[in-house]
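This report goes through a few local features of one protein model. Look at the sequence and the structure first, then read on.

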Amino acid sequence: MGREFLLGRTQRVRVRGQLSEEVRITSGVSQGTVLGPLLFLAHVNDIWRNIVSSIRLFADDCVIYRKIINNEDIGKLQKGLYRLEEWAAENAMKIYPSKCKAVRFTRARVKDPLNYTLGDQLTPEASICKYLGIILRSDLSWADHVNYTVKKAWKALHFTMPYSKRGIVVPKV
């Protein structure tokens, strides 16, 4: 294997049975290889540098968070977002602000809007987000996650149960 794993590769696409012309691939690692995720992790391993807020990575998802007690904490979180932008530029990575959300987790009734920016864009505030398959609500309620899980369970159950035309379960003997 060696250099040819990364260099001199081509790709083409099949759409409705038609193959496109081959094009040279100038960067990246072939999808589906064991080496791909390992190289990505090595590439993003220093993303936490100079960020004083907590940061969590899972595959290509990144979460920056901190407990906000005063305006200094707000500034530190925003500074972490600036540092994330700098890191992305230094490492030829792209951050998509449109895919980002700002969520405040509290039971308190807070009216002040969240004004965090990423890439010169205001990060939209959300009251709900999904992280690692868990639905998190800003008011710390689990209702949405429980309902989602129950709905998924019912779908799985109905998939495994045979039905007649009248909707009656017909057991196999």
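A search of the whole structure, which is a predicted model, finds 0 disulfides. Cys62 is one cysteine to look at: Cys62 is in no disulfide, and the nearest cysteine sulfur, that of Cys100, is 8.6 Å away.

Cys62 is partly exposed, because its relative accessibility is 34%. Cys129 has a relative accessible area of 16% and is therefore buried; the cut-off for buried is under 20%.

## Aromatic rings

The count of aromatic pairs in this model comes to 0. A charge does sit over one ring: Lys99 lies over the face of Tyr96, and the distance to the ring centre is 5.4 Å.

## Gln78 in helix α2

Helix α2 covers residues 71–90, and Gln78 lies in it. Is Gln78 buried or exposed? Gln78 counts as buried, because its relative accessibility is 9%.

Which residues does Gln78 touch, apart from its neighbours within four places in sequence? Gln78 is in contact with Asn115, Tyr116 and Thr117.

## Asp61 in strand β6

Asp61 belongs to strand β6, which is made up of residues 61–65. With a relative accessible area of 39%, Asp61 is partly exposed.

In sequence, Asp61 and Tyr131 are 70 residues apart. In space, their C-alpha atoms are 8.9 Å apart.

Note on methods:
Residues numbered from 1 in each chain as written. Predicted model: local features only at pLDDT ≥ 70, side-chain atom pairs only at ≥ 80, totals over all residues. Heavy atoms only, no water. Disulfide = S-S within 2.5 Å. Buried < 20%, exposed > 50% of the residue type's maximum accessible area, 1.4 Å probe, protein only. Phe/Tyr/Trp six-rings, centres within 6.5 Å; stacked < 30°, edge-to-face > 60°. Lys NZ or Arg CZ within 6 Å of the ring centre and 35° of its normal. Helix = DSSP H or I, 4+ residues; strand = E, 2+ residues; numbered from the N terminus. Contact = heavy atoms within 4.5 Å.
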